Amino acid sequence: MRSAIGKIHGSASSFEFEFVITNSKSVKRGDYIKVWNDKDGWVLGQVSDILAVDNPKLSELYKVKEVLIAKARVLGKREAGKLRMPTSPFIPGDNVYIAEDELIAETFGFAEDGAYIGLLGDTSVKVKLNPNTLVQKHVCILAKTGSGKSYTAGVIIEELLERNVPLLIIDPHGEYVSMKKPAKIKDNEFGVEPKGYADKIIVYAPPTSPFIDSADKELSLDGVDLTAEELIELSGLRSPTAQALLYQALRDLKNYTIADIIKEVESIRHSGKWTLIGALSKIEKSGLFKQRPTDLRTLLVRGKASLIDLRGIEPAYQNLIVSRVISKLFELRKRGEVEPGMIVVEEAHNFAPEREKTVSSNVLRTVASEGRKFGLGLMVISQRPARIDKNVISQCNTQIILRVTNPNDINAIKKGIEGITAEMVEEIKRLPTGSAVVVSPELEVPVIVRVRVRRSQHSEAKSVLEEEKEEIEAKEETAVETKEVKENEERKGFLSRIFRSRKP
Ligand SMILES: Nc1ncnc2c1ncn2[C@@H]1O[C@H](COP(=O)(O)OP(=O)(O)OP(=O)(O)O)[C@@H](O)[C@H]1O
Ligand SMILES: [Mg+2]
């Protein structure tokens, strides 16, 4: 066993204690420690803070130049599958040791076959979560932009794909498409090997998408029974008269298509109808609605992830697609016509905003609150915790929080997440990229996880404009390069050209 790092000092309870650090180099905040308790055996704790104090007596007693006192909270010991606090307090003077990885893993009770999301704190303990809990009790991933949300979501998607869980990914930036390819990684501390998921990911795009050619399949909808609210949002119809006429036309229609509504409006005697007909025709011509639409049953299939690439699609159409697809899948799931699975929603604040209502808000709320009864899980990802519907966030039992600094977002996290301490909040503000505070029903205490590297390739979110710009820049660069190569070759002459052409 490693030597002791300190001795318990002052008053100690079963929940917390302080210890004087006798070996200052070997302990830091966040470290997992262990103390022997005669009744309970080895009990696990964690250093929550370290204070330097001016105390010559302690300095002499422990033979240390600088007196450092560590505060520790007791995490407990695992007994009958549960984390339990010791029944008797610790004794001042008892030795404190750094806990070994085995003891930490055993105390947290990570199942060998759990979903591997990363390493615990500074240890090499693999954090493995029960995939059923992840899927059935919903997950949210919150963090400021660029701190690793989509990367982490990708890690969970990989773990679920390995277990053949049916997935639907709502991907507004098309950033999960790269998961088809293996990551360019070398040996790493996580023990992760590169792997692509080309055989499991099916990319869908609406017919109007600028990326339709690179998609595997087209996603079209039936356009049957669109509500007045949906039609108004899609068309941006402002005129109160036109809106009133729309409600009037829909009153007597059942099981209708957009063409049916247009016919109905045409029969109305009112000069304001032409604005409405214009708006409806625009929706009809959008190309999203087809007589033979995609069979939505094919979107939630065992062993596959259906990815809806929404790049370049107008926000109102994105909302409608999300709302229609998810509500239909929820219905199908209720009737047992699709298997239990999980829906991943990137940029969830756009689809379920806190303040305004969008056509997709209701369905996301419903799946968040009722999905678990029917085996339909939700994973929501957002960079604005303050702007996403609290009813959705509060239903997520596994919460993964990476760095957040905005005070409004911090407040939203404090309010929305049970068991978050003031210390954790301070921690969240300072997390390095790729590290997360994870709160989960299985963990009993929130932990910091260094999210593992990805098996599959990660691509950062880019807007269409950015991509177009990059494409133009790349073309320009190629043109410059070609010109330079040509000039160089001309300068170097014939031999160098032959040499160049032999290179692979
Ligand atoms: N666990 C990790 N391991 C290694 N690198 C990581 C990890 N997490 C994030 N990164 C790096 O940080 C970058 C940003 O991560 P990511 O794209 O996931 O951020 P994001 O929070 O989704 O940002 P945005 O809000 O812009 O979508 C990634 O490109 C990747 O290089
Ligand atoms: Mg992202």
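This is a predicted model: local features need pLDDT of at least 70, side-chain atom pairs count only at pLDDT 80 or more; totals for chains, interfaces and linings use all residues.

1. Start with K149: an N or O atom of its side chain sits 2.8 Å from an oxygen atom of ligand 1.

2. Residues are numbered from 1 along each chain as its sequence is written, chains are lettered from A and ligands numbered from 1 in the order written, and side-chain values use heavy atoms, with hydrogens and water left out.

3. Who else is around the ligand? The shell of ligand 1 has 14 residues, and the closest are G146, K149, S150, Y151 and E460 (near means a heavy atom within 4 Å). Helix α4, residues 149-162, is the top contributor with three residues; helices here are DSSP runs of H or I, at least four residues, and strands are runs of E, at least two, numbered from the N terminus. By type, the shell splits into two nonpolar, eight polar and four charged residues. Note that Ala, Val, Leu, Ile, Met, Phe, Trp, Tyr, Cys and Pro count as nonpolar, Asp, Glu, Lys and Arg as charged, and the others, Gly among them, as polar.

4. Next, the sheet. It is open, has 12 strands with mixed pairing, and runs β9-β8-β19-β18-β17-β10-β16-β15-β11-β14-β12-β13. β9 (126-129) and β13 (217-218) are the edge strands, each pairing on one side only. Pairing requires at least two DSSP bridges between the strands. β15 (341-345) and β16 (376-382) are parallel partners over five bridges, with I343 opposite L378 in β16.

5. β11 (167-171) deserves a look: five of its five residues are buried, so the strand is largely enclosed by the rest of the structure. Buried is under 20% relative accessible area, exposed over 50%, and partly exposed in between (1.4 Å probe, protein chains only). L167, I169 and D171 cover one side and L168 and I170 the other, all buried. β11 pairs in parallel with β14 (305-309) over five bridges, where I170 faces I308. β11 also pairs in parallel with β15, over four bridges, and there L167 stands opposite M342.

6. Last, the aromatics: the count is seven pairs. F17 and F19 have ring centres 6.2 Å apart and planes at 45 degrees, so that pair is tilted. Rings pair with centres within 6.5 Å (Phe, Tyr and the six-membered ring of Trp); planes under 30 degrees apart are stacked, over 60 edge-to-face, the rest tilted. F17 counts as buried at 4% relative accessibility, and F19 is buried at 0%. F17 and F90 are edge-to-face, because their centres are 5.1 Å apart and their planes at 65 degrees. With F17 in β2 (16-21) and F90 in the loop between β6 (82-84) and β7 (95-98), this pair ties together parts 73 residues apart in sequence. F17, F19 and F90 form one aromatic cluster.

Methods: A polar contact is a pair of N or O atoms within 3.5 Å; within protein, one must be able to donate a hydrogen and the other to accept it, and residues adjacent in sequence count only if both atoms are side-chain atoms.
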